[in-house]
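Hi everyone, thanks for making time today. Have a look at the model on the screen, and I'll walk you through a few spots in it.

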Amino acid sequence: MSLNRSEKEAVINEVTSLAAKAQTLVIAEYRGITVADMTKLRADARSKGVSLSVLKNTLARRAVAGSAFEVVADQMTGPLIYGFSEDAVAAAKVVADFAKTNTKLVIRAGAFGGKALDVEGVKQLANIPSKEVLLAQLCGLLMSPMSRTAVVLGALAAKKGEGAAEVAAEETAAA
């Protein structure tokens, strides 16, 4: 079913606004995926803040023209699903995780920070821990010296306490 001019302009405007807010774009070929699998993928993407869209490639090219995602315009051929995310790794993680379990979803390319990513680049981006995990790791690193110091001081205090108890026992025995 063909779109008329105003519908095409609406799609282009919607995708342009998505691209303006997004940090990452992942492009994947979805040929042969069942509707049920595609529904699972979309639900997973929605829950993680990723916008997945099946677009006409010419409209997608026009929508990303002049944006940081223009670097992958040459990859926009064939039946593709476009994943935009404001989180730097969310789109790559959703698509790469789904591609592990469903071989019919083939990652084509991606873009992050104005640079084109190949398949391996998208997979590497997907392996980066989420922002929450990175913050937790940073807090753990910052707390590690303090907790180690507390353990050492506690051990010294316990040892000193044992020595004081032995001296008190010796004084009572001598008296």
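Let me start with Phe 69, which is buried, at a relative accessible area of 2%; buried means under 20%, exposed over 50% and partly exposed in between, with a 1.4 Å probe and protein chains only. Before I go on, a word on the ground rules: this is a predicted model, where local features need pLDDT of at least 70 and side-chain atom pairs count only at pLDDT 80 or more, while totals for chains, interfaces and linings use all residues. Residues are numbered from 1 along each chain as its sequence is written, and side-chain values use heavy atoms, with hydrogens and water left out.

Helices (H or I, at least four residues) and strands (E, at least two) are DSSP runs, numbered from the N terminus. Phe 84 is buried too, with a relative accessible area of 4%.

Next, Ser 53, which sits in strand E2 (residues 50-54). Is Ser 53 buried or exposed? Ser 53 is buried, at 14% relative accessible area. Leaving aside residues up to four places away in sequence, Ser 53 touches Leu 80, Ile 81 and Tyr 82, where contact means heavy atoms within 4.5 Å.

Now the strand pairing, which takes at least two DSSP bridges between two strands. Strand E1 (residues 24-29) and strand E4 (residues 106-112) pair in the antiparallel sense over six bridges, with Val 26 opposite Gly 110 in E4. E4 also pairs with strand E5 (residues 115-117), again antiparallel, over three bridges, and there Ala 111 stands opposite Ala 116 in E5. E4 and E5 form a hairpin with two residues between them, and Gly 113 in the turn has a positive phi of about 60°.
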